[in-house]
Each structure stands twice: as structure tokens, then as C-alpha cells.
Amino acid sequence: MDAINVAVIVKLEPDFSEGNVSYNPDGTLNRAETKNILGPHSAIAVNAAFYAKVKHGARISIGTMGPPVAESMLQYSQLISDADELYLYSDRIFAGADTLATAEVLKSGILKMQGKMDIVFSGHRASDGETGQTGPQTAWKLGMTFLGNVIDYEIDPESRTIRAKRLVRLQGIYDVVEEVEAPLPVFIAIDPSYKPKFNTVSQRLAYEKYQKEARHRAQDFKQYFKLFNAAQIEADPKLIGISGSPTIVYKVERIPKGKATRQAEIIDGSDQEQIRKIVAKMRQSLSTMVIK
Amino acid sequence: MEKYDVAIIGGGSAGLAALKRLSTLGKQAVLFEAGEKIGSKNISGGILYSKKPKKGKTHNVEDIYENFLTDKPYERRITKYVLHATSKDKVFSIDLTAAHEYEANFGCSVLMNKLNQWFLQQAQEAAEKQGGGIVSGVHVKDIRWEAGQTIVQTNELDEVAVKAIIAADGVNSEIAYMTGARQKFSPSQLYQGVKVVVKLPEGIMNERFSMGEDEGAAHLFAGDVTLDHIGGGFLYTNRDTLSVGAVYHLDSLLETPVEPYELVNALLRNPMVSDLIRDEVPVRGEIDKNLAKEEQMRIRFAVTKMIKTWTEMREAYHSKSERDRLVREGKYASPEEMEAQLSSIRDQMTTKYGMKFETDYVEAEYSAKLVPDGKRCRMERPYFKNILFSGDAAGRGIFVGPRIEGLNVGIDDAVRAADAVARALDKDNFDESYLGQYYSQSVGESPYTHDLKSIDKDYLKIFLDAAKDVPKDIINSKYGMVVKMMSSKTLRSFAVGFANILGYEKILPVIETVETYVKVPTELAERLGKSVSASYTPTIPSIAQRVAKLKFNDDSIPHIRVLKPTSEFMKKMTILCPTRCYLMEKNGVMIQHEGCVECGTCAEETEWSHPRGEKGINYQFG
């Protein structure tokens with residue numbers, strides 16, 4: 001039985017968590033001041049790959065297109081997944097790429113990874129671009145079966161098949177979970193609600209083992225790291241960067257702020273007084289409420 | 001179903017020692033720990049001893065963990081051991097270092113979180129080689145025997161089948177309750193311990209206690225700090241913290257209930273203790289209310305950050321090893337540069353932000369636990385079917401006069417349990433007659449068991465020698481005879497022999513009384529004590545503030561159920577619960593389990609279990 005090979009494509013994104021993000025006076029993102037991290041959706045994809053490692057000892061390769069600083073994000077990805085290979089595709093001519101041109105780079109990069117991939121994972125979308133297209137487009141370019149919104153999956157290494165649960169949102173009506181079975185290889189865009197479950201003692205022991213290995217590896221991540229430029233991944237120059245991008249973002253507008261309807265009141269005084277005042281307020285508003 | 005050879009339940013010092021030993025013997029074992037990580041639910045006073053008894057052999061920590069003495073995961077070696085009798089501002093001290101060193105290789109102060117983390121690393125590596133390991137965040141909820149298999153059921157994972165189990169799940173051993181291996185311990189068999197960890201920079205501590213880097217002090221307290229209860233207080237020096245706590249007979253507390261934290265507070269307020277724990281504490285200045293809200297906020301944040309920077313830097317500066325490291329790594333050119341920067345931050349704090357520096361003490365963590373009094377509650381047969389009980393779970397804590405040991409007893413038990421299980425695995429025989437009885441006998445032969453059963457006259461002599469300056473008339477007629485008899489060598493041998501024949505348990509009620517713990521020490525201090533004055537009054541946090549500082553991962557399912565809300569015992573829990581989880585309502589007492597530290601004080605009359613895996617209290621020091 002051959003080992004399972006999985007790849008993850010990840011993205012370096014601004015850290016939107018409180019206290020870390022910085023804005024320009026006009027309300028747009030100050031990219032220079034804001035720290036960049038592994039995107040939250042990418043992190044979920046990395047966790048999904050780690051699940052395959054814990055359950056089946058899968059080999060994990062992680063790839064990203066980005067500037068040289070993205071290597072620290074790859075290091076972090078290795079720390080949470082015990083990845084075996086890290087790939088950074090970096091080249092000036094990649095600049096200005098839209099989702100399609102990005103997908104071209106990722107496709108070429110994945111083909112350069114060691115081993116033939118059984119599963120490629122991507123996040124659901126990026127937190128800065130939000131288009132959710134790079135994953136599906138990469139799948140299409142690779143000619144792989146695409147499974148989107150996957151919330152759970154199990155691999156059968158014997159028959160080389162995968163069973164996946166997909167969360168299908170029928171907007172405004174209800175959500176359904178669709179169970180699909182597909183032969184490997186497949187491309188999975190993981191749903192934000194995905195949470196790996198390790199239900200057996202052996203999985204938990206494997207989890208500990210790989211986590212420990214990951215800490216060791218990440219300390220010395222350069223050993224697992226490969227940097228490729230456009231020529232090295234043999235990407236078609238016509239299909240990458242600006243020239244490969246049929247779309248362009250020419251303007252970003254702020255969403256006008258809605259008028260706040262809530263009223264805030266600051267309550268002062270000692271703890272005792274404050275509590276008393278709040279209770280009085282609550283009484284007051286409750287008394288006007290009709291409880292059915 | 002997955003199969004493993006051995007399940008160890010509980011990842012404290014005993015459980016980890018069992019895992020390490022079994023793995024070293026080439027056996028496969030899996031350890032289940034309910035806490036989020038190893039160490040998160042463990043607390044101790046605590047001093048860990050390594051013993052060299054005259055008769056028999058104990059399995060010591062350094063025998064199990066080869067790197068213990070080189071890695072030094074402990075805090076400090078205790079080199080000074082003093083008993084203080086207190087009465088108001090007067091203190092009379094008796095040096096008991098000889099008693100502390102009696103039959104000991106060493107005794108060192110420890111903080112459980114750090115220590116158990118170190119044990120974990122050592123044990124895990126060994127266990128992995130045998131296909132075993134440690135699984136944390138998993139709470140064992142049931143054990144059953146089915147078709148020749150022993151099945152362990154948890155809240156979190158699929159069931160596993162094992163051949164034998166070592167139960168090291170602490171004083172409130174759920175394994176013991178669920179199997180009926182033993183009854184819950186009764187209040188007369190338990191001590192309740194409450195502890196606070198106090199911060200104090202290393203260098204300042206060394207100077208204050210006049211000790212070198214690998215020296216440490218232990219101070220015990222009796223007298224009026226007990227608020228008339230049977231028990232006493234302690235203060236141990238750690239590396240850069242102090243453990244200050246109070247340990248009392250639970251039945252003594254039930255008789256005249258007092259809030260456990262008040263017992264610690266009484267100790268903290270004692271002028272001698274106050275003075276030992278004092279430190280320099282930055283106090284925030286008033287922020288001008290007329291400033292814009294944003295500006296007020298900015299100042300508040302800036303001040304918080306400055307306090308943090310100043311505190312961390314000061315801690316590093318006062319630690320020789322940290323100071324050397326920072327200079328070596330090039331963060332600072334010299335210690336002098338560090339000092340200059342420290343004082344410049346301090347200047348900024350006072351001049352720019354109107355802060356003041358006051359003398360006070362810094363509390364880092366409040367904790368509580370029950371301690372089994374092995375003299376009264378050790379399991380005579382510490383097994384049930386193919387389950388072996390070790391350490392606190394088997395009720396094996398040593399309290400003999402000023403001698404307080406638990407960790408080393410647990411480690412010794414665990415090694416004996418591991419050896420018994422390894423022997424059973426070799427023969428594939430897990431019958432009670434082959435496994436349980438063998439273990440029971442091994443534990444029976446342990447020098448610790450011997451110490452729990454009989455008085456050691458040599459130990460007694462050290463104690464009496466240390467107290468020889470005590471005027472005989474203080475010890476009233478009730479004890480005069482006894483002391484006189486014990487002071488003479490021949491009579492002592494005779495008396496101890498007689499007492500041991502009579503049975504240690506029978507004479508305990510005569511020894512452990514309000515008289516010995518409160519009245520005699522108080523009188524001693526009053527008549528012979530030196531006056532001590534503290535330069536300040538410590539600002540002691542309220543229990544709500546203490547609980548608010550603790551880390552919890554609340555379990556939405558209550559793990560304690562009150563059975564008799566109107567019983568006298570439960571009513572007393574409104575006072576005796578160390579974190580005030582019990583409230584008096586119209587229909588009896590009610591529990592709010594959110595602040596529960598899982599000490600088990602209320603276990604006697606409640607349906608008691610630990611929270612599910614990863615839930616509940618998560619101690620940072622321990």
C-alpha cells in the first residue's frame with residue numbers, strides 16, 4: 001500500500017485580529033504596518049491535512065505563492081502540521097496576479113512537489129480577497145475532482161477512495177450535509193466549520209508524536225524548505241502575473257456606515273453603585289416588556 | 001476495540017512515575033490525564049524528598065528519573081527547616097533542620113506544574129518506545145470487566161481494552177469510588193490544604209533568607225495563626241516564588257468552621273510572614289478624569305505595559321542565571337546597563353505617570369487540595385481485581401509531627417505498582433492473588449508504610465532535642481509525664497515500644513490536639529518569643545479576586561451534585577469550600593460549580609466527580 005500524499009495551498013494574509021491590524025486615515029488597510037500571518041482559512045486546510053497524517057501517516061507538502069517573507073508563515077504551517085516539505089513560489093513577475101494567474105502558479109508548483117498528490121487541500125477563501133476562487137481554479141487547472149465545503153472526510157487507503165461530507169448551504173432555506181465518495185486524487189476546499197476529531201487512543205498518541213516531531217522540524221524548517229521562481233516551476237509566462245490576469249481590481253470602496261440605533265450610557269460609581277444602577281435599568285426595561 | 005497492556009489513570013507524580021518505570025521495563029502503558037495538559041490539576045505544598053531509611057529501600061525520584069539531579073526541575077534544595085510558634089507579634093523558633101535531614105538524601109521545594117511537565121518529557125519519551133504514551137484531556141468515567149477483558153471508558157475517546165490498571169487519580173479517586181475499592185475518605189482522615197504562591201525575585205529572596213543559589217528554607221507555623229484549629233501553616237522558598245499555605249484537619253475545621261482562606265490570611269498577616277514575603281509593588285496613579293476618554297484609555301494601556309515591562313525586567317535582573325543569559329545573548333551589554341534601564345523605567349513611571357511604589361506582597365495563585373492522612377486512611381489492600389491504587393488515591397500521605405511527605409510516597413508506590421504489573425505481564429496472570437496481593441505486600445514492606453504504623457524513637461529524639469530549651473512547666477501536667485519519660489533514653493525506648501504495641505492509631509487523639517497545635521505553641525511564643533514587627537500591612541485579595549485570577553475551562557455539565565442540601569455538613573460547606581462555591585438558599589445549600597478547584601472538601605455528602613476532559617481548573621503554578 002502506497003503512502004498517502006497530500007498537499008496544502010496556503011496564503012499569507014494580513015492579521016485582522018484585534019490590536020494587530022492597522023488602517024490608513026482613509027479607512028483602507030495599512031499593509032506596511034499590519035503583520036502578515038497564515039490566513040485563518042488556510043490554517044483550517046493545514047489542520048485537515050494533519051488529520052490525514054495522524055490517521056494514515058500521510059506525507060504533507062505545503063505550498064504558497066508570495067513574497068520571500070512568507071517563509072515564516074510556512075514555518076508556522078509546519079509547526080501545526082508536521083509538514084514534510086515546504087514550497088515557496090516567489091518571483092517578481094507573479095506580482096499583480098488575480099485568482100486565475102495565482103491558480104496557474106499553484107498548479108505548476110504542485111506539479112513540482114515531491115510525489116504524486118492524492119489530495120490537495122485549500123482554504124475556503126482568503127480573509128483579504130474573499131473571492132474563494134483560487135482553490136476551484138487550481139483544481140480545474142490540475143484536472144482534479146473538486147470537493148467544496150468539506151466538513152469531514154475519511155480516506156480508505158486500500159481502495160484509494162475518499163468519503164467526504166459537504167455542507168451545502170441552501171441559502172435562506174436550510175443547510176444539508178451531502179455525503180460523497182470519490183476515487184483519489186481529489187481537490188478539497190475545506191469548510192470553515194471543519195474540526196478534526198481524534199477519537200481513539202492510537203490517534204491521540206500519534207497526534208502527540210507528530211506534534212512533537214513538528215516542534216523539532218519547525219525549529220530547523222529551512223531543511224524542509226524549497227524556494228522556486230517562475231522558471232523553476234516552468235510556469236507559462238503568458239498565464240501568470242499581470243499578463244495572465246483577466247481581471248483587475250481598480251477601485252475599492254468603503255461600505256458606508258449604517259446609522260447606529262443603539263444608545264450607550266456610561267455608568268459610573270463604585271462597583272456596588274454600578275450594579276445597583278444596572279439592575280434598576282434592567283428592571284425598568286423588563287417592566288415594559290410583555291412576556292408571552 | 002484498541003488494546004493496550006496497561007492503563008494508568010492520572011498524570012500526577014505517581015502516575016508519571018508508574019509510566020516511566022513500566023516503559024523502562026519494556027512494557028506498554030498508556031496514561032490518561034483529565035487535565036488539559038499534564039500538571040494542570042496538580043498542586044502540592046510542597047516538598048519532595050529522597051529518602052535513605054535505615055531499614056528497607058524506597059524508590060526515590062532520582063532512581064526513576066536519571067536526569068533529575070542534573071536537570072534540576074525542582075525549585076530549591078531545602079537546607080533550613082524551622083518551626084515557629086506564634087502569638088500575635090511574638091515568635092519562638094525551633095530549628096528542626098536535623099529532623100528534616102533525618103534519613104533523607106535531600107528534600108527540595110517543588111511547583112507541580114513545572115515539575116510534572118518535566119516528568120512528562122522523561123516518561124513520554126520512554127513510553128513511546130514501547131508503543132504507549134500520554135493522552136491528556138481525557139476523563140475516565142467507567143471501568144468494566146467483560147469476557148475476560150478490562151474495558152476503560154472515557155468521556156472523550158473510544159473504549160480501550162487493557163490487562164491491568166494503575167489508579168493514580170488522587171485523593172478523590174473516582175476509580176476507587178466507581179469500583180467500590182474503598183469508601184470516600186471521611187473528614188477525620190483528611191487534611192484540607194490551602195496555598196498561595198507569592199512572587200519574589202530570586203536575588204531578593206536569597207538575601208532575605210540569607211541563602212545561596214541552591215539553598216532553600218522551609219518554615220512551619222503553629223500557635224495563634226491556626227485560629228484554634230488542629231494543623232498549621234507553612235512557607236517554602238521556591239526559585240522566585242514562595243509557597244505559603246495552611247493545612248488543617250478537616251474534622252477540626254468542621255467542628256469550628258472557618259473560611260480556609262482566612263487561615264492562609266492569618267498566616268500572611270503574621271508579622272514574621274508579612275515581612276518575609278514583602279516586595280516593592282507599583283501602584284497606579286489617578287488618571288485625570290478631565291482628559292478625553294481616548295487619552296485616559298491610552299494612559300491606562302501605557303501604564304499596564306510599563307508595569308509589565310518593569311516587573312519582567314526586574315525579575316530577570318534579580319536572577320543571576322537570567323541576567324547572565326541576557327548579557328550572553330547580547331540583549332544588554334552588562335548587568336549595570338540592565339540596572340540603569342530598570343531605574344529609568346521606574347523614573348518614567350513615577351514622574352510621567354504619577355505612579356508610586358509601595359511595600360506589599362504579590363500573590364500569583366491561590367489553590368486548595370485535600371491531603372490524606374496515611375496514619376488513618378491508607379488502604380490496607382490497595383487493589384481491586386486488576387487495579388492497583390497508588391499515592392493519594394490509596395490514602396498514603398505521611399503526617400508525623402513536622403514531617404509532611406506525599407510526593408515521594410506516591411512515587412515509591414507507583415514504582416511498586418509498575419513492578420507488580422510488569423511481573424504479571426510476564427506471566428500473563430492478573431489475578432488478585434498474583435497481582436494485587438503481591439503489590440499489597442510490596443507496599444506493606446515499604447519503609448513509608450512502616451513510618452505510618454509506628455513511632456520511630458530516633459526521629460522522636462531529634463524532635464525532643466530540638467525542643468530541649470522549652471521550659472518544662474509550659475507543657476502542662478497532661479504532657480509533663482510524657483515528655484519526662486521521652487527525654488530519658490531507656491524510658492523512651494520503653495514508652496515508644498509500648499505505644500507501638502498499643503497501636504499508633506490509638507494514641508493519635510492524644511497527640512494531635514488543640515493543646516499541641518495551638519495552646520502550647522501560643523504560650524511558648526508569649527513567654528519566650530521575640531517581638532517581630534512588620535513594616536507594612538499586606539493588602540490581601542478577597543476570595544473573589546483570587547478565584548478571578550485562576551484559569552478555568554468551565555464544564556457546562558455540573559460535576560458535583562448536592563445530595564442533602566439541608567444537612568449540617570453541607571451547610572458548613574458554605575464556609576469550608578475554599579473557593580466559596582456554596583451558597584445558602586431558601587431550600588438549603590446550592591452549588592455554583594464555576595469556581596470549583598476540584599479539591600473534594602464537599603465530596604463526603606455529594607455525588608462527586610472530576611469535570612470532563614480538559615475542563616475545570618487549570619493551575620499555572622501548582
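Student: What should I know about the model before I start?

Tutor: The model is predicted, so local features need pLDDT of at least 70 and side-chain atom pairs count only at pLDDT 80 or more, while totals for chains, interfaces and linings use all residues. Residues are numbered from 1 along each chain as its sequence is written, chains are lettered from A and ligands numbered from 1 in the order in which they are written, and side-chain values use heavy atoms, with hydrogens and water left out.

Student: In what order do the 9 strands of the open sheet in chain A lie?

Tutor: First, the terms: strands (E, at least two residues) and helices (H or I, at least four) are DSSP runs numbered from the N terminus, and two strands pair if DSSP finds at least two bridges between them. Here the order is S9-S8-S7-S10-S6-S1-S4-S5-S11, with mixed pairing. Strand S9 (174–183) and strand S11 (225–228) of chain A are the edges, each pairing on one side only. From one strand to the next, the twist averages 30 degrees.

Student: Which way do S7(A) and its partners S10(A) and S8(A) run?

Tutor: S7 (residues 145–156) and S10 (residues 186–190) of chain A run parallel, joined by 4 bridges. Phe146(A) has Phe187(A) as its bridge partner in S10(A), and Leu147(A) stands opposite Ile188(A). With S8 (residues 161–170) of chain A, S7(A) runs antiparallel through 6 bridges; there Asp156(A) faces Thr161(A). The hairpin of S7(A) and S8(A) has 4 residues between the strands, and in it Arg160(A) takes a positive phi near 50 degrees.

Student: Which strands does helix H1 of chain A lie across?

Tutor: Angles run from 0 to 180 degrees between N-to-C directions, and axes are lines fitted to C-alpha atoms, for helices over the stretch in contact; contact means heavy atoms within 4.5 Å. H1 (residues 40–56) of chain A lies across S1 (5–10), S4 (59–65), S6 (119–122), S7 and S10 of chain A, at about 25 degrees to S7(A). Helix H2 (residues 71–81) of chain A touches S1, S4, S5 (85–89) and S11 of chain A, its direction making about 155 degrees with that of S4(A).

Student: How do I read two packed helices?

Tutor: Two packed helices are described by the angle between their axes and the distance between the axes. Helix H3 (residues 99–112) and helix H4 (residues 134–142) of chain A pack at about 50 degrees, with axes 8 Å apart. That angle makes H3(A) oblique to H4(A); angles under 35 degrees count as roughly parallel, over 145 as roughly antiparallel, 65 to 115 as roughly perpendicular and the rest as oblique. The contact includes Leu106(A) and Ile110(A) of H3(A) and Trp140(A) of H4(A).

Student: What is the strand order of the open sheet of 6 strands in chain B?

Tutor: The order is S8-S3-S2-S12-S21-S20, with mixed pairing. S12 (residues 164–167) and S21 (residues 387–389) of chain B run parallel, joined by 3 bridges, and Ile166(B) has Leu388(B) as its bridge partner.
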